[in-house]
Amino acid sequence: MTMPSEPEAAEEYPEAGASRRRHQVLTLALVAAAVWAIDLKSKMLAVEHLEWRPPERILDGLVYLQLVRNPGAAFGLATGMTWLLTLIALGVVVAIVRVAERLHSRGWAVALGLVLGGALGNLTDRVFRYPGIFRGWVVDMVSVFAPDGRVWPVFNAADSAICTGGVLLVVLALLGIELDGSRARKRKRGE
């Protein structure tokens, strides 16, 4: 006798499926809350300890800590379009919240939690920081290989979480793992 897959078991035993979904939504929420908290705290520390100071060289110059207030996106893109970046972040938050109701995969829960927490972290800056609501500049503080973002754009914990979550989402998709935890079936030729 073969054991049913998780999605089949969820159909056969709806209460088990609902419990699994609640567990994965909780995982998503906890990951997002942790990322958001780490991002907010690191930005508060950066403003407190790095403002008006030269870049702090650490790890033998592999990393530099410095405060940068970013009105655009990575690589200096979309400077002056902060309101659009705010709308995109809001859209990401809404999309993830809506997708959560179909969530049964721990991998997807972690990946979406990373993206959600990062989006909330940068959205918080866009809403509450200078120069005003929906136009705020994001606080960045990590520059790798050289100061001032000469080699790679200066970034923050939220950016790292978004990128890590995005890579994890791509890996899950390449492995064929669906949002509900099932494996995507390979399409037969001619279908």
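The 18 residues of helix 3 (residues 82-99) should span 26 Å at 1.5 Å a residue, and the end C-alpha atoms are 26 Å apart, which agrees. The expected span is 1.5 Å times one less than the number of residues; helices (H or I, at least four residues) and strands (E, at least two) are DSSP runs, numbered from the N terminus. Buried residues of helix 3 are Thr82, Leu85, Thr86, Ala89, Val93 and Ile96, where buried means under 20% relative accessible area, exposed over 50%, and partly exposed in between (1.4 Å probe, protein chains only). These residues cover an arc of only 105° around the axis, which puts them on the same side of helix 3; the arc is that of the directions from the helix axis to the C-beta atoms.

The model is predicted: local features need pLDDT of at least 70, side-chain atom pairs count only at pLDDT 80 or more, and totals for chains, interfaces and linings use all residues. Residues are numbered from 1 along each chain as its sequence is written, and side-chain values use heavy atoms, with hydrogens and water left out.

Five salt bridges were found in a search of the whole structure, a salt bridge being a side-chain nitrogen of Lys or Arg within 4 Å of a carboxyl oxygen of Asp or Glu. Lysine 43 and aspartate 39 form one of them, with the closest N and O atoms 2.7 Å apart. Both residues lie in helix 2 (residues 14-50), four residues apart, about one turn of the helix. Lysine 43 is buried at 0% relative accessibility, and aspartate 39 is likewise buried at 0%. A network of salt bridges links Asp39, Lys43, Asp125 and Arg129.

Arginine 69 and glutamate 51 are joined by a salt bridge of 2.8 Å, N to O. This pair links distant parts of the chain, 18 residues apart: arginine 69 is in strand 2 (residues 63-70), and glutamate 51 is in the loop between helix 2 and strand 1 (56-58). Arginine 69 is partly exposed at 31%, as is glutamate 51 at 27%.

Asparagine 156, in the loop between strand 3 (138-144) and helix 5 (157-174), is buried with a relative accessible area of 1%. Its side chain makes a polar contact of 2.8 Å with the side chain of aspartate 140. A polar contact is a pair of N or O atoms within 3.5 Å; within protein, one must be able to donate a hydrogen and the other to accept it, and residues adjacent in sequence count only if both atoms are side-chain atoms. Beyond four places in sequence, asparagine 156 has contacts (heavy atoms within 4.5 Å) that include Asp39 and Lys43.
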